[in-house]
Amino acid sequence: MDKTMILWELDESCGLWMDKVRVGEVGGNSLGYYGGLFGPNGACLLGHTYQGAFHLWENICDTEEAESWAPRVVMSGHFGSVQSISWANGSGRYLLSCSLDQTTRVHAPCKRGRGIVWHEIGRPQVHGYDMQFVASINDGQFVSAADEKVIRVFVAPKTFLDGYEKMCGETLPEEIKGQSVGASVPALGLSNKAIFGSESWESERAAAAASKPPVEDDLLQNSLWPETQKLYGHGYEVFCLAVSPDGLLLASACKASKAEQAVVRIWDVATWKQLQCLSAHALTVTQMSFSRRRVANRLLTVSRDRSWSLWKRNDEKHFELEYRAEKKAAGHSRIIWTCSWSPDDVYFATGSRDKKVIVWALDRAPASAPLEASDAVTALDFSPRILPENRYTVAIGLESGQLCVYEWSKESGFQIKNKFDDSLNHSGCIKQLEWRPTGDEEADFLASCSSDHAVKIFRWS
C-alpha cells in the first residue's frame with residue numbers, strides 16, 4: 001500500500017509539476033494519508049492518516065537547494081473508545097491502555113530537556129478484534145482481552161526495555177529483562193510472534209532504543225510485544241480482568257446471561273493453569289478487585305445482576321465465598337459498574353447506574369450514608385494514600401464524563417474536594433479510573449479513560 005506524501009515543484013523548463021520530495025513509505029499493514037499541511041515557515045510538514053494518527057517531518061537542510069525531511073516526535077493517541085487502563089503493577093512506572101481501535105498502548109514519563117513529558121512509547125498489541133480490558137502483571141508482562149473468548153499474555157522484548165531505560169532514565173529490575181528482540185504479526189494472524197535476533201532487527205532495535213520517544217512509524221512497526229500464552233476456558237467474550245498485587249493470580253470473567261456463564265476464573269500466573277472457578281452471580285461480572293495488601297486475602301466482584309460478592313482466601317491460591325449481597329442487601333437498584341478497596345483493606349466501595357456510591361465495612365454494613373451523584377457512576381478508585389484521622393481520597397467518574405475527587409471518612413462521609421472543570425473533564429462516559437500505586441512525597445497521580453478516545457493523567461496534591 002502507498003503510504004507516502006509527495007511535495008511537487010513546478011519545473012519551469014518544461015512547465016510540468018514534478019515530484020521533488022516523498023515522505024512516508026510504501027508497504028506495511030496500515031492505511032494511507034488523508035491529508036497534510038505545511039508549518040508556518042514551510043520547514044515542517046504534518047500529515048494525518050485514516051486511523052487518526054499524526055506524522056510530522058522537518059526539513060533539516062540549511063540550504064534552499066537541498067531538502068532532507070526527517071520524521072519528528074508528535075502527539076499520539078487512540079482513535080476509538082478507551083475501555084481500560086492499568087498502571088504497571090506495583091511500581092506504576094508506565095500506564096497501559098486499550099481501546100476499541102484494536103490497540104494496546106504504553107504511556108510513560110520521558111525526559112525532554114529539563115522536564116518530564118508523558119508520551120506513548122510503545123504499541124505492544126495491534127489486534128484484529130476490539131480491545132476490552134488490559135491488566136499489568138509486573139513491569140515486563142501484561143494480559144489483555146478483546147471481543148473474543150481468549151485471554152492473551154504478553155512479555156516485554158529487549159527493544160522496549162532498552163528504550164524505556166534511555167527515554168525515562170530509570171533502570172528496570174534485572175529479573176524482567178526480555179529474551180526476544182521484538183515481535184511481528186504473520187499475515188492474516190492475530191498472535192504476535194517473538195523475534196530472537198537478526199542484523200536488520202538489531203539495527204531497528206538500536207534505532208528504537210533511542211533517548212527520545214518513537215515516531216508514529218516506529219510505534220506501528222517496531223514496538224510489538226511477543227505473545228507468550230493464550231488462556232482458554234470462557235464460553236463468551238471476556239469482559240474484565242484483575243491481577244493480584246503480588247502479580248501471582250489473575251481473575252477473569254466473561255459476558256453472561258445466566259449463572260452458569262457468570263463465573264470468575266482464577267489463574268496461576270506462574271504456570272497459567274486454571275486454579276478455581278467461582279460462581280455467585282447470575283449475569284455478567286462487570287468488575288473485580290483484589291484487596292490491596294501484597295498477598296491479597298480477598299476478592300470483590302460486582303455484577304449486572306445488581307449484587308456484589310466477597311471472596312476470602314482460604315489457602316495460598318484458593319478462595320471461598322464469604323458473603324453475597326443479594327439485590328436488596330447490595331444497596332443498589334441498577335447495574336453495579338465499579339468497585340474498589342481502600343488502601344488498608346478496611347473498607348470497599350461500589351458504584352452503580354443508580355447514581356449511588358456506597359462504602360462498605362468488612363461486616364457488610366454501609367460505613368456511612370451513600371453518595372448521591374448527578375449521573376450514573378461508571379468508575380471509582382481509592383487513592384493509595386491514607387490521610388490523617390483515617391480519611392481516604394476517592395475519585396469518581398460519571399457516565400456524563402464528569403470527574404470528581406472526594407475525601408471520605410466513617411465519621412463525616414463524603415466531602416467534595418474537587419469537581420473538575422469542563423476543560424479537564426471527559427466528553428464521554430468514563431470507563432475506568434486508577435490511581436498510580438506509587439506517587440511522590442507531594443502528589444499522587446490519577447489516570448482516567450473514556451469513550452471520548454482520551455487517556456488523561458492528573459497530578460493530585
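Guide: β12 and β13 form a hairpin with four residues between them. Strands here are DSSP runs of E with at least two residues, helices are runs of H or I with at least four, and both are numbered from the N terminus. Two strands count as paired if DSSP finds at least two bridges between them. The model is predicted, so to speak of a local feature requires pLDDT of at least 70, side-chain atom pairs count only at pLDDT 80 or more, and totals for chains, interfaces and linings use all residues. Residues are numbered from 1 along each chain as its sequence is written, and side-chain values use heavy atoms, with hydrogens and water left out.

Five bridges hold β12 against β13, which covers residues 151-155. The two strands run antiparallel. Across this pairing, Ser144 stands opposite Arg152 in β13.

β11, residues 131-138, is antiparallel to β12 and joined to it by six bridges. This pair is a hairpin too, with two residues between the strands. Asn138 has Gln141 of β12 as its bridge partner.

How enclosed is β12, residues 141-146? Six of its six residues are buried, so the strand is largely enclosed by the rest of the structure. Buried means under 20% relative accessible area, exposed means over 50%, and partly exposed lies in between (1.4 Å probe, protein chains only). Both faces of β12 are covered. Gln141, Val143 and Ala145 are buried on one side. Phe142, Ser144 and Ala146 are buried on the other. Ser144, then, is both a buried residue and the one opposite Arg152.

Next, helix α1, residues 158-168. Its buried residues include Phe160, Leu161, Tyr164 and Met167. Thr159, Gly163 and Cys168 are buried as well. Gly169 follows α1 and has a positive phi, near 65°.

Backbone angles are worth a check elsewhere. Most residues other than glycine have a negative phi. Asp345 has a positive one, near 65°. Asp345 sits in the loop between β25 (336-341) and β26 (347-352). It is buried, at 7% relative accessible area. Asn390 also has a positive phi, near 55°. Its loop links β29 (377-387) and β30 (391-398). Asn390 counts as exposed, at 52% relative accessibility.

A further positive phi belongs to His453, near 80°. His453 is in the hairpin of β34 and β35, which has four residues between its strands. β34 (residues 444-450) and β35 (residues 455-460) pair in the antiparallel sense over six bridges. There, Cys449 has Val455 in β35 as its bridge partner.

Now strand β3, residues 33-38. Tyr34 lies in it and is exposed, with a relative accessible area of 60%. Its C-alpha atom is 5.9 Å from that of Tyr50, 16 residues away along the chain. Leaving aside residues up to four places away in sequence, Tyr34 touches His48, Thr49 and Tyr50 (contact means heavy atoms within 4.5 Å).

Finally, the whole chain. It has three helices and 35 strands. Its radius of gyration is 24 Å, close to the 23 Å of the globule rule for 461 residues, so the chain is as compact as a globular protein of that length. The radius is taken over C-alpha atoms, and the rule is 2.2 Å times the number of residues to the power 0.38. The C-alpha atoms fill a box of roughly 85 × 45 × 40 Å along the principal axes. Of the 461 residues, 53% count as buried. Among contacts between residues at least 6 apart in sequence, 48% join residues at least 24 apart. The chain exposes about 20500 Å², with 49% of that from carbon and sulfur atoms (Shrake-Rupley method, 1.4 Å probe; for residues, only the protein chains shown count as cover).
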